[in-house]
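Here is a short report on packing inside one protein model. Look at the structure first, then read on.

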Amino acid sequence: MPRRRTFDSADVDALLRRNDGVASHRQLVQVGMSVATIARWANKGPWQRALPGVIAGHRGPLSLRQRRRAALSYAGEKSVISGDHALDLLGIAGDRLPVGERVLVLIPWVGRRLSTGFVTIERTQRPPSPLVRQGLLVAGPARAAADAARHDDEVDRVREVFGAVLQQRRTTVEALRDEVYDGPTQRTATARRVLEEVSAGTRSAAEGKIYRLVSTSALPQPLWNEDVVVDGIRIGHADAWWPELGVVLEIDSIRWHSTPEDLRRTQAKQRRYAAAGLLLLSVAPQDVLDDPAGFLRQLAATLSAATRRR
């Protein structure tokens, strides 16, 4: 004998449409479905189990948006997406910061959910004030960047994360420092190291590496990521510069000169530096990494020439 339905399929369809094709068992029960029917549809029917207690209303791979929605549905009320997925939802990540497979979700300290599947659950005593992006609750830029750094030991990626949020002026060095130092101390060594670099003014992985080289050398120390001002006139913005010597260091990645217009802008800036009587040293990041000692010798020679000229 066929089973009688105790729910309206239109209500179920509407629920799935509102939630990007994802729903929790609790939500489905609220529209009249029984637990047995939910299990049957997920195991042998048109649906699939996305996470414990969460279904996706179709077979096949989940989209990125569905994985994020499922993560929040699994984590429960007051849960917030953080880390690299939050940065992506905030429009900060871009091509430089592709998101990982796992979705980091923060839950209140009294929560009882555990990490599973593609979700990393982290209990927090400092729940962030969430923002809403694409209908999902996400942590703000500073918290998301700090959490991303704690879950990634690759120093260059952390440099790119901190550099991106600072370059786009989505947060401040002070706010980043607060999030790193006020949060859990575990896995913060890389974040603290990069904080030192960005506090000095670096804003990219390449700048961070060169900062380490220069700061640990016996050479005079420059200002990092500062406007170049001569006689009250702004000439440009330098990756590093020595105002007392009139020397500018530009870290010129090939990707920033991918069009003729990019090259013309760079050449115009070089002419402005020359007209102001400044010495310009342009280096490619890869050349510095391939021969750091050679770069330091070249920089020392430029600073020495500037000293003699002054």
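Which residues of the largest nonpolar core touch the most other members? This is a predicted model. In it, Ile81, Leu87, Val105, Val119 and Phe162 touch the most other members of that core, which has 45 residues. Helix α7 supplies the largest share of this core, seven residues. A second, separate core has 18 residues, among them Tyr211, Val214, Trp224 and Leu303.

Beyond its neighbours within four places in sequence, Val119 contacts Leu51, Ala71, Tyr74, Arg102, Val103 and Val105.

Now the helix pairs.

| Helix pair | Residues | Axes | Angle |
|---|---|---|---|
| α7 and α10 | α7: 155–167; α10: 205–215 | within 8 Å | roughly 115° |
| α8 and α9 | α8: 173–182; α9: 189–200 | 11 Å apart | about 165° |

Start with α7 and α10. On the α7 side, Asp156, Arg159 and Glu160 make the contact; on the α10 side, Ala205, Gly208, Lys209 and Arg212 do. By class, this contact has five charged residues, one polar and one nonpolar.

Turn to α8 and α9. Their axes pack at an angle of about 165°. Angles over 145 degrees count as roughly antiparallel, so α8 is roughly antiparallel to α9. The crossing of these two helices is left-handed. From α8, Val173, Leu176, Arg177, Val180 and Tyr181 meet Ala191, Arg192, Leu195, Val198 and Ser199 of α9. By class, the α8 contact with α9 has seven nonpolar, two charged and one polar residue.

Key
Residues numbered from 1 in each chain as written. Predicted model: local features only at pLDDT ≥ 70, side-chain atom pairs only at ≥ 80, totals over all residues. Heavy atoms only, no water. Axes fitted to C-alpha atoms, helices over the stretch in contact; angles between N-to-C directions. Helix = DSSP H or I, 4+ residues; strand = E, 2+ residues; numbered from the N terminus. Contact = heavy atoms within 4.5 Å. Nonpolar A, V, L, I, M, F, W, Y, C, P; charged D, E, K, R; others polar. Core = buried A, V, L, I, M, F, W, Y, C linked by side-chain atoms within 4.5 Å. Buried < 20%, exposed > 50% of the residue type's maximum accessible area, 1.4 Å probe, protein only. Parallel < 35°, antiparallel > 145°, perpendicular 65-115°, else oblique. Left-handed = near helix turned anticlockwise from the far one by under 90°.
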